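Please read it alongside the sequence and the model shown here.

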Amino acid sequence: MSGRRVLLIITGGIAAYKAQELVRRLKERGIAVRCVLTRAAKELVSPLALAALSGEKVYDDLFSLTDEAEMGHIRLSREADLVVVAPATADIIAKMAHGLADDLASTLLLATDKPVLVAPAMNPFMWRHPATQRNVAQLIHDGVEFVGPAEGDMACGETGPGRLVEPDVLVERILVRLEPQSQPLRGVRALVTSGPTCEAIDPVRFIANRSSGRQGHAIAAALARAGAQVTLVSGPVAIPDPPGVHTVHVESARDMLAACEAALPVDVAVCAAAVADWRPEMSAPQKLKKEEGAAPPVLRLVENPDILATLSRHERARPRLVVGFAAETGELEAAARRKRAKKGCDWILANDVSPGSQVFGGERNQVLLITGDGPAEAWPELCKEEVARRLVARIALALGRTAP
Ligand code: C5P
């Protein structure tokens with residue numbers, strides 16, 4: 001674990017005293033810990049003790065010119081592998097859910113690009129309050145991970161959910177997040193496309209498809225968990241951005257191609273988006289009106305750029321490994337092999353999207369992996385997360401890393 005770094009944000013719960021134990025245990029495992037205290041936490045835990053235990057300066061004030069000169073708050077938020085908020089009060093959870101940044105702790109949480117683990121601690125009524133539950137649901141939707149709260153007797157004399165989890169539970173969860181052997185793709189840059197594209201007819205109407213983005217998002221999340229630096233270029237979807245992934249939101253195929261080219265160079269590209277093959281030749285600047293007695297407008301379509309083929313044949317920055325998908329309704333394998341040759345990608349994952357297969361928009365997927373002229377590999381029906389994990393294991397091996 002040496003060389004791994006945790007930014008520990010301690011907020012003002014009675015349980016703040018347990019942060020000292022947490023710092024001690026993380027340090028024992030060679031993990032560097034930098035502590036940040038809110039104003040309330042400073043009343044409950046000694047910054048001096050934390051500085052002695054962590055061996056690092058303890059930060060608490062956003063407007064300290066000395067601190068900003070030594071270590072700007074953006075750098076502070078980025079120079080960590082994991083951000084841990086423990087104990088997390090109802091107040092910091094509310095600030096995080098709403099994107100408030102009025103002190104150092106909340107500003108760091110808004111500025112970080114790292115995974116965030118939150119260990120709440122508060123009175124059971126505060127935890128169960130609909131406002132807190134709304135905020136927690138929002139944060140989970142945003143990709144924040146929660147550990148606890150535990151149930152039990154509270155310092156205030158009440159009993160219920162609201163206790164900070166014990167340090168060993170928290171340490172365990174932190175270790176899992178930092179595990180170097182589960183991060184074989186550290187230093188690898190990856191690009192993933194996901195979701196549908198929307199091709200405008202006029203300012204309110206568009207052509208799209210039923211792609212949910214679930215498979216592409218799961219692949220981006222699995223690559224990030226394996227340590228890759230991931231850019232996800234996503235068409236409009238109803239699911240949250242995966243944690244630890246740089247997500248670029250686009251609408252049309254042309255925007256998607258531009259965002260992909262801007263992300264180059266990468267080591268591996270996975271094109272899971274259901275890109276519209278055609279777009280309306282013209283997109284009307286004003287909403288098309290239905291005129292009494294007039295014939296309905298005729299849509300003339302033109303071909304969209306092929307992102308997978310463009311990346312596969314990129315002259316300046318062809319990724320080492322390009323993976324495409326083939327969603328087919330007929331004879332799967334032969335069509336997927338033809339597609340692999342036509343697009344010039346290295347691997348293709350073929351799936352059956354015939355009516356009734358429930359792949360588009362569904363939770364599960366059944367694929368054939370074609371990596372060359374050898375036999376195709378038929379994977380059993382799996383949830384999309386498991387398809388993503390298996391694909392990432394194969395990518396790691398292909399890049400000469402060990403599988404996660
Ligand atoms: O030609 P088809 O749409 O069946 O090809 C599917 C594969 O090609 C998928 O990997 C998809 O992401 C990619 N594709 C693309 N750009 C397009 C069309 C498809 O990247 N315009």
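**Ligand site and one tyrosine**

In this predicted model, the residues around the ligand are Cys271, Ala273, Val275, Asp277, Pro305, Asp306, Ile307, Leu308, Gly324, Phe325, Lys339 and Lys343. Sorted by class, this shell consists of seven nonpolar, four charged and one polar residue, and the space that the ligand takes up is the second largest pocket.

**Secondary structure around the ligand**

- At least two residues of the shell come from each of three elements, namely the helices α13 (307–312) and α14 (332–343) and the strand β16 (321–328).

- Cysteine 271 places a polar backbone atom 2.6 Å from an oxygen atom of the ligand.
- For phenylalanine 325, a backbone N or O atom lies 2.7 Å from a ligand oxygen atom, while for leucine 308 the separation between a backbone N or O atom and an oxygen atom of the ligand is 2.8 Å.
- The ligand exposes 440 Å² when taken alone, and the protein buries 87% of that area.

**Tyrosine 17**

- Tyrosine 17 belongs to the loop that runs between β1 (5–10) and α1 (18–28).
- Is tyrosine 17 buried, partly exposed or exposed? Because its relative accessibility is 49%, tyrosine 17 counts as partly exposed, given that the exposed class requires over 50%.
- Tyrosine 17 and isoleucine 174 are 157 residues apart along the chain, and their C-alpha atoms are separated by 18 Å.

Conventions. Residues are numbered from 1 along each chain as its sequence is written. This is a predicted model: local features need pLDDT of at least 70, side-chain atom pairs count only at pLDDT 80 or more; totals for chains, interfaces and linings use all residues. Side-chain values use heavy atoms; hydrogens and water are left out. A residue is near a molecule or strand if one of its heavy atoms lies within 4 Å of it. A polar contact is a pair of N or O atoms within 3.5 Å; within protein, one must be able to donate a hydrogen and the other to accept it, and residues adjacent in sequence count only if both atoms are side-chain atoms. Accessible areas come from the Shrake-Rupley method with a 1.4 Å probe; for residues, only the protein chains shown count as cover. On a 1 Å grid over the protein atoms alone, a cavity is a set of points where a 1.4 Å probe fits but cannot get out, and a pocket is an open set with protein on both sides within 12 Å along at least five of seven lines; lining residues have an atom within 4 Å of a point. A molecule sits in a cavity or pocket if more than half of its atoms lie within 2 Å of its grid points. Helices (H or I, at least four residues) and strands (E, at least two) are DSSP runs, numbered from the N terminus. Ala, Val, Leu, Ile, Met, Phe, Trp, Tyr, Cys and Pro count as nonpolar, Asp, Glu, Lys and Arg as charged, and the others, Gly among them, as polar. Buried means under 20% relative accessible area, exposed over 50%, partly exposed in between (1.4 Å probe, protein chains only).
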